[in-house]
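Biologist: I have not seen this structure before. Please show it, and then I will ask about it.

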Amino acid sequence: MAAVTTAVIAIVGLVLSWVAIEVACKPCLEKGREAIDRSLDPNYDPDDNEGITAPLNQH
């Protein structure tokens, strides 16, 4: 019975740790997940004008 209790406590600790990391690093993780989603999207074209906000020729 002690082994089961220890295993349950360890699993709960891992779950709580994962939730804490997700909450603490949410902005960074969202950017990374968006980048992964874009790279896996076969219709994504990095040459599209969506990411360009300033003209390349600035005189």
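Predicted model: local features only at pLDDT ≥ 70, side-chain atom pairs only at ≥ 80, totals over all residues.

Modeller: Residues are numbered from 1 along each chain as its sequence is written, and side-chain values use heavy atoms, with hydrogens and water left out.

Biologist: How many helices and strands does the secondary structure of the protein come to?

Modeller: Helices (H or I, at least four residues) and strands (E, at least two) are DSSP runs, numbered from the N terminus. Helix 1 covers residues 2-24, and helix 2 covers residues 26-40. The count comes to 2 helices and 0 strands.

Biologist: What percentage of the 59 residues is buried?

Modeller: Buried means under 20% relative accessible area, exposed over 50%, and partly exposed in between (1.4 Å probe, protein chains only). Under that rule, the buried share of the 59 residues is 0%.

Biologist: Which residue forms a salt bridge with R33?

Modeller: A salt bridge is a side-chain nitrogen of Lys or Arg within 4 Å of a carboxyl oxygen of Asp or Glu. The whole structure holds 1 salt bridge, and its closest N and O atoms are 2.8 Å apart. R33 lies in helix 2 and its partner in helix 1, so the pair ties together parts that are 11 residues apart in sequence. The partner of R33 is E22.

Biologist: Which residues make the nonpolar surface patch?

Modeller: Patches are made of residues with over 30% relative accessible area and no salt bridge; like charges are joined within 9 Å, and nonpolar side chains (Val, Leu, Ile, Met, Phe, Trp, Tyr) within 5 Å. The nonpolar patch has about 350 Å². Its residues are V4, V8, V12 and L16.

Biologist: Which residues gather in a patch of negative charge on the surface?

Modeller: Asp and Glu count as negative, Lys and Arg as positive, and His and the chain ends are not counted. One member, E34, lies in helix 2 and is partly exposed at 47% relative accessibility. The patch consists of E30, E34, D37 and D41.

Notes
Areas by Shrake-Rupley, 256 points an atom, 1.4 Å probe, with all protein chains shown as cover. Charge placed at Lys NZ, Arg CZ, Asp CG, Glu CD.
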